[in-house]
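Me: I am new to this structure and would like a close look at just one part of it. Please pick a single piece, walk me around it, and show me how it connects with the rest.

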Amino acid sequence: MEPLSTAAIAIGSVVATKALEKTGEKVGEALWDKTTKFLVTLQKHSPHTIAAIEKVPEQPLDYGKAVVEVESVAQDNSEVNEAMQDLALLVKNK
């Protein structure tokens with residue numbers, strides 16, 4: 001999977017999971033676990049990106065910028081890259 005696509009899928013699934021959480025809908029346990037792992041890992045290395053994601057939907061997210069930031073962090077950190085790949089693969093296979 002192309003790296004930027006992977007980052008976009010990961011960010012999109014995080015935002016979607018947060019939106020479903022706010023409306024009270026249940027999300028699959030596997031998706032919840034992978035999203036949580038991705039967020040915790042990304043928080044360690046890019047807290048400003050997590051802060052922007054947490055403000056959605058009250059404040060629109062610049063997805064292009066977020067994808068580039070996540071991809072950059074993932075290139076420099078194998079832990080973030082693995083969490084991102086795991087989340088994207090799970091979402092893609094659903």
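Reply: Happy to! What you see is a predicted model, with residues numbered from 1 along each chain as its sequence is written, and local features need a pLDDT of at least 70, side-chain atom pairs count only at pLDDT 80 or more, while totals for chains, interfaces and linings use all residues. Side-chain values use heavy atoms, with hydrogens and water left out.

First, the setting. The chain has five helices and zero strands, so named from DSSP runs: helices are H or I with at least four residues, strands are E with at least two, and both are numbered from the N terminus. Of its 94 residues, 35% are buried. Contact here means heavy atoms within 4.5 Å. Among contacts between residues at least 6 apart in sequence, 74% join residues at least 24 apart.

Our part is helix α5, residues 78-92.

Which residues of α5 are buried? They are V80, A83, M84, L87, A88 and L90. These residues cover an arc of only 160° around the axis, which puts them on the same side of α5. That arc is taken from the directions from the helix axis to the C-beta atoms.

Side chains of opposite charge can pair when their charged atoms come close. A salt bridge is counted when a side-chain nitrogen of Lys or Arg is within 4 Å of a carboxyl oxygen of Asp or Glu. The whole structure has four salt bridges. In one of them, the side chains of D86 and K34 meet at 4.0 Å, N to O. D86 belongs to α5 and K34 to α2, so this pair ties together parts that are 52 residues apart in sequence. In another, K37 and E82 meet at 3.9 Å, N to O. Here K37 is in α2 and E82 in α5, so the parts tied together are 45 residues apart in sequence. D86 also forms a salt bridge with K37, the closest N and O atoms being 3.8 Å apart. That pair links distant parts of the chain, with D86 in α5 and K37 in α2, 49 residues apart. Together, K34, K37, E82 and D86 are linked in a network of salt bridges.

How open are these four residues? D86 is partly exposed at 23% relative accessibility, K34 is partly exposed at 30%, K37 is partly exposed at 37%, and E82 is partly exposed at 46%.

L87 lies 9.0 Å from D33, C-alpha to C-alpha, though the two are 54 residues apart in sequence. D33 sits in helix α2, residues 29-45. Leaving aside its neighbours within four places in sequence, F38 contacts A10, V14, V70, A83, M84 and L87.

Finally, the core. A nonpolar core is a set of buried Ala, Val, Leu, Ile, Met, Phe, Trp, Tyr and Cys residues joined through side-chain atoms within 4.5 Å. The largest one has 22 residues, of which I11, F38, L42, L61, V70 and M84 touch the most other members. The elements giving two or more residues to this core are α1 (3-23), α2, α3 (47-54), α4 (63-76) and α5.

Note on methods: Buried < 20%, exposed > 50% of the residue type's maximum accessible area, 1.4 Å probe, protein only.
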